[in-house]
Structures are given as C-alpha cells and as structure tokens.
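Hi,

Here is the structure I said I would pass on.

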Amino acid sequence: MSAAAGLGSATVKHPDAMTPLIRILDELRETARSAGRDDLGARLGMVRARIGDPRVRLVVVGDPKNGMSTLVNSLVGAQVSATDTAVSAPVIVEYGPEASATLVKSVGPGHTERQPVDPLDPGPALFAKGVVRAEFTEPSQLLADGIVLMDAPGSGDERTRWSMIAAADAVLYVTEAAAELTPAQLEYLQRVQQLCPTVICVLNKIDMYPQWSHVQQRDRDLLDAAGLGFAVAPVSALLHRQAGNYQRDIESGVPQLIDHLRDYVVARADAVARDSALRDIRLVSDHLAVTLYTEAESLRDPSRRAQITQQLAAAREDADRLRQRTANWQLALADGATELMADIEHDLRHRLRSLVRDAEADIARTDPARTWKEFGEDLDARICEAVEENFVMAHYRSVELCEQVAAKFPADNRTPPLPDLRLANPGEVLEPVAPLESLDSAKPAVTEQFLSGLRGSYGGILMVGLATSLLGMSLVNWYSAGAGVLLGVNAIWDDRKNRKLRRRSEAKVAVARLMDDVIFQVSKESRNRLRAVQRALRDHFTDIADEVLRTADDALRAAEESYSKYGDRREERIADLEAQLSSLRALRDRAEALTA
C-alpha cells in the first residue's frame, strides 16, 4: 500500500495514546524471543502493526454471494471491488485526493510488481493471473474520516483472510437476510472475535426478503445466547447504489451503518485498540510466565530436579491423554451426543404420537367434513408447540452435556458458549412440511345422493308392487310408492353414514401422513443442530487440550534444558529469570494502568 495515498486521511488513533502500548509490546516481544516463543512474538508483532497504524482498518468478510463487494462499493461510493465470486484477491481502499488503482502481481517467489490500472474500470484487471491484491484510493468522505477499507475474498486462501482479520481494528461480517445465522456461522464469529473483538454483523439484501426484521431479531438472540454482543445492521447495498433520493437512501440502511462506524468505531478507535492490545498482552504474559517460573523453580532447588521433572512429565502425559480419542472427555462427548440425539428423537416421537391419539379421538367424535379447516389449524398450532418444547429440551440437555464434558478438564477451563437450540418460530422448521390433506369425500355431490335414494326406492317399489299385484293391484300403487320412499330415505341415510365413516378413515390417514412428514423434517433439523453442538464442543475442548499440552511441553523442555545448559551459572540464570518475571509483571501492570 502506498504511503502517499493516505496523506489526506485523518489520524484516528492518537500517537500519544498508542506510543506507551507500542513500547510495552516491543519489550514483551523481546521477552518472548529470549524465551524461544517465536509464535507469541509473531502475534505481538501483528498487534503492534495494528495499533501503530493511525487509521482504522475495517475488514469486510462473509460467505460468497452475500454481497460483500457490493457493500464495499456502496460504502466507498465507487466501483472498486468486482462483484464476482471468481475474484480471490483482496481489495484495499484508502483515502486519496484523486481516484487511482494499482494491482500488486506476483512475478516470482517473494517478488511482486505494481501495475497501475484504470480506476474507472478496474474489474476486468482483477481477473488477471497472479494478482496478489488490488489497492485503490478514493476521495470518499468515509475514508477521509480515517478508515482503510479491506474486502477479504469470499473464496481463495484462508490464511490471507485470517491474517487480514488479525490485523483489523473492526470486522464487518456480511450475511444475507434470507435466513438466520447457522451454528457454523456462529462458530466462525467466535473465532473472529478471538482475533478482533470489534465485529458488526451486516444483514444484506433486505430489499429482497420482506421477513428481514424477524431474521434481524433472531440473529440478535442467537448472538446474545452465544456470548457475542455484536450489533446487527440491516442494509441493502444495491438499493443504496440505485437510490435516487434521500428517502430511498435511508431505506437502504447504508447511511445508518456509516454513522454507526463513525460513532462506535472511529470515535472509539483509541479505546478499542487499547482493549484489544491489553487482551493480547495478558494472554502472552500468562504463557511466558508459566515457562519462566517452571525453569526458575527447577534451577532454584537442584534436589527437587527429579520431583519437578516427574511432575512436569506427569502433566505432559495427562495433557497428551486429553488429546487422544480414548480420552475420558472424548468418550463422554461421543456417548453423550449419541444418547442425547436418541432421547430428543424419542421425545419428539412421543409428543407427536400423543397428538395423533388426541386427533383420532376428536375425529371419532365428530364429522371431520364440518370442521376440517379449523381442525387443521388447531393441529398445526399443537404441532408447533410440541416441536418448540422438544427443541427447548434439546437446548438444556446440550448445556448439561457441555458441563459433563467440562468436568473432565481442569476447573479453570470454562465451558464454551453454545448456539441456542430453542426455536423462536417453529414454523420455519416446519415450512417444508406439506399441509394437512383435504378430504376427498368431504362434500358429496347431490347427484350421488339422488342416485343412492333412487336405487333404494326402486327396490322397495319393485318388491311391494310385485306382492300387491297378486291382489290385482297395479305395480305402482300407494303401498309400493310408500315402500319406495321409505327404502329410498333409508338408503340415503346409510350412504351418509358410510361416507362419514370413510371420511373419518381418510382423516386419520391424513393425520398419520402429516405426522410422518413432521417427524422426517424436524428430526433432520434437530440432528443437524445437535451435530453442530457436538462439533463446537469437540473443537473447543480439543483446543484446550492442545494448549495444555503445548504449555506442558514448553515447561518440561525449559526445565530439562536448564539443568545442562547453565551448570555453574545457575544462580545467574535464576536471577535472569526472576528479572524477566518481574519485568512481565511490570509490563502487565503498566498495560492495565494505561487501559484503566
């Protein structure tokens, strides 16, 4: 990125506020380097680069086809990002008095070249082979406020995307307003928060989905349940680009998003940078303190060498066992998840079978043809209630499973935030289910009833007429006509009774088919959500096990090396370690004082 390009942009982070933090980070990086923790040093280097930039780095991420590039273009007010998922190169936009565009292309391992392109039509050039990134300058007011906008590719190298997130001051996570956040997206946002705590969820394409307000509220509930207090901003980037007047622009939601960025990101840039840096300083200090303290203790008392080594080796073995598939927590998670899925499905089937029995009893008491519509509406409401209660049970049972697995770990490892399995609108899960079937025999035709009566009356006339003809009377007489009317009415009555029985049978079959569809659809959704919970728990506790093992390995390695490495200089090394520990405490106290 050109240094000259940002000359006209505002300085958002005040150097006087950032300089003390930069000094602390530099000293902490030196301590990490001397302790052999290059990984921690690299993380601190990224933090230093982030707070050392006087502007706010805003990264836009999301799944492909969610409109990230369109949103970037709307925020900037220019066509700087190609709206095509085939583009996998990141786009970086900063303030400049004039519009310009430069492509950074790879010309060999570790070598790049810069190629200026037409800023009015940069899209086709982004498809050129070997493009590493595209750099733009625009005379945009948002950029002049001190924001550097970065469009992370929706497809392409994952490492590039995560490195951009790690170097960002704030992240815009773009999702469609078509549906609420999935468990996988919530898990992704939790990973993003670990690298960049300032995140805004952007609900894009609200002009295409009338139910966006419900989705927005549902996303807020899911984020709160997962321990992520992110704002959810509804926008339509396309509507903003096409807006011809102020009212249409306000309806797009983009002006409100820009105001939010100015009020809560740009205006609070110093505080956000300090809080983020302090979190990294705490984490790195804790990891370094464990390694330094263990080495100092082993050198301070040589007689305890075997005891300390044995303790560390035992801790290392315990940590290694936590990572194995046969670990207690792995078995508890697998068995608990299997039992949980079976119990939840059994509970669902039990609830729906009770509904079937109640529905069949209602059908047996009345004629379903008279109140079939009301019966279907009432049955739908009872099904929604049963499904909602089943998902509530699944949520609380998953929380219990999480606590059971966490009990297999040290007490200081807290349980992870889980996605909320409770349903705000069961109708969304039941939407693919076909409605209750109509009754084919619900409305018998008048012609059919007339023919049934005619058949009965014909038999009565013929039977009685033949009997009275022996008495010299005509075939059709008062007696045969009366018998025909009587038998015709009886035939109509029997036909109505048979039709009612047939309707009841058809109604029971329709209810049974509806319940089969409900079980098929809800069971699939329930299993998917429970599997997402199982994966979240597995990944969380695997990370804890890996971290415990790495800390144990580092402590054991440092203790073993110290015995043979320093020899007669043991006292000197102990003094050095104590000085480093004291320096760590002082650095952390200084950082806490700055953020206070």
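**Thr137 and other spots worth a look**

Thr137 has a relative accessibility of 8%, so it counts as buried. Bear in mind as you read that this is a predicted model. You'll find Thr137 in strand E5, which covers residues 131-138. Its side chain has two partners that I noted. One is the backbone oxygen of Glu98, which the Thr137 side chain reaches at 2.9 Å. The other is Ser100: the side chains of Thr137 and Ser100 are joined by a polar contact of 2.5 Å.

A polar atom of the Ser74 side chain lies 2.9 Å from the backbone oxygen of Ala237. If you set aside neighbours within four places in sequence, Ser74 is in contact with Ala237, His240 and Arg241.

**The overall picture**

Zooming out for a moment, the protein has 18 helices and nine strands. It runs to 596 residues, and buried ones make up 45% of them. As for sequence separation, take the contacts between residues at least 6 apart in sequence: 81% of those join residues at least 24 apart.

**Two helix pairs**

How do H1 and H2 pack against each other? Helix H1 (residues 15-34) and helix H2 (residues 38-52) meet at an angle of about 165°, and their axes are 9 Å apart. An angle over 145 degrees counts as roughly antiparallel, so that is the label for H1 and H2. Their crossing is left-handed.

On the H1 side, the residues in this contact are Met18, Leu21, Ile22, Leu25, Asp26, Leu28, Arg29, Ala32 and Arg33. On the H2 side they are Asp38, Leu40, Gly41, Leu44, Gly45, Val47, Arg48, Ile51 and Gly52. Sorted by class, the H1 and H2 contact has 10 nonpolar, three polar and five charged residues.

The other pair is H5 (residues 158-166) with H6 (residues 183-195), where the packing angle is about 50° and the axes are 8 Å apart. H5 and H6 are therefore oblique to each other. H5 brings Arg161, Trp162, Ile165 and Ala166 to the contact, while H6 brings Tyr188, Arg191, Val192 and Leu195. By class, that gives six nonpolar residues, two charged ones and no polar ones for H5 with H6.

**Two glutamates in helices**

Glu525 belongs to helix H17, which spans residues 478-566.

Glu385 is in helix H14, residues 372-406. With 46% relative accessibility, this glutamate counts as partly exposed. Glu385 and Arg351 are separated by 34 residues in sequence and by 9.9 Å in space, C-alpha to C-alpha.

Most residues other than glycine have a negative phi. Lys65 is not a glycine, but it has a positive phi of about 70°.

Lys205 is found in the loop between strand E8 (199-204) and helix H7 (212-225).

That's what I have for now.

Cheers

Conventions
Residues are numbered from 1 along each chain as its sequence is written. This is a predicted model: local features need pLDDT of at least 70, side-chain atom pairs count only at pLDDT 80 or more; totals for chains, interfaces and linings use all residues. Side-chain values use heavy atoms; hydrogens and water are left out. Axes are lines fitted to C-alpha atoms, for helices over the stretch in contact, and angles run from 0 to 180 degrees between N-to-C directions. Helices (H or I, at least four residues) and strands (E, at least two) are DSSP runs, numbered from the N terminus. Angles under 35 degrees count as roughly parallel, over 145 as roughly antiparallel, 65 to 115 as roughly perpendicular and the rest as oblique. Contact means heavy atoms within 4.5 Å. Ala, Val, Leu, Ile, Met, Phe, Trp, Tyr, Cys and Pro count as nonpolar, Asp, Glu, Lys and Arg as charged, and the others, Gly among them, as polar. A crossing is left-handed if the near helix is turned anticlockwise from the far one by less than a right angle, and right-handed if clockwise. Buried means under 20% relative accessible area, exposed over 50%, partly exposed in between (1.4 Å probe, protein chains only). A polar contact is a pair of N or O atoms within 3.5 Å; within protein, one must be able to donate a hydrogen and the other to accept it, and residues adjacent in sequence count only if both atoms are side-chain atoms.
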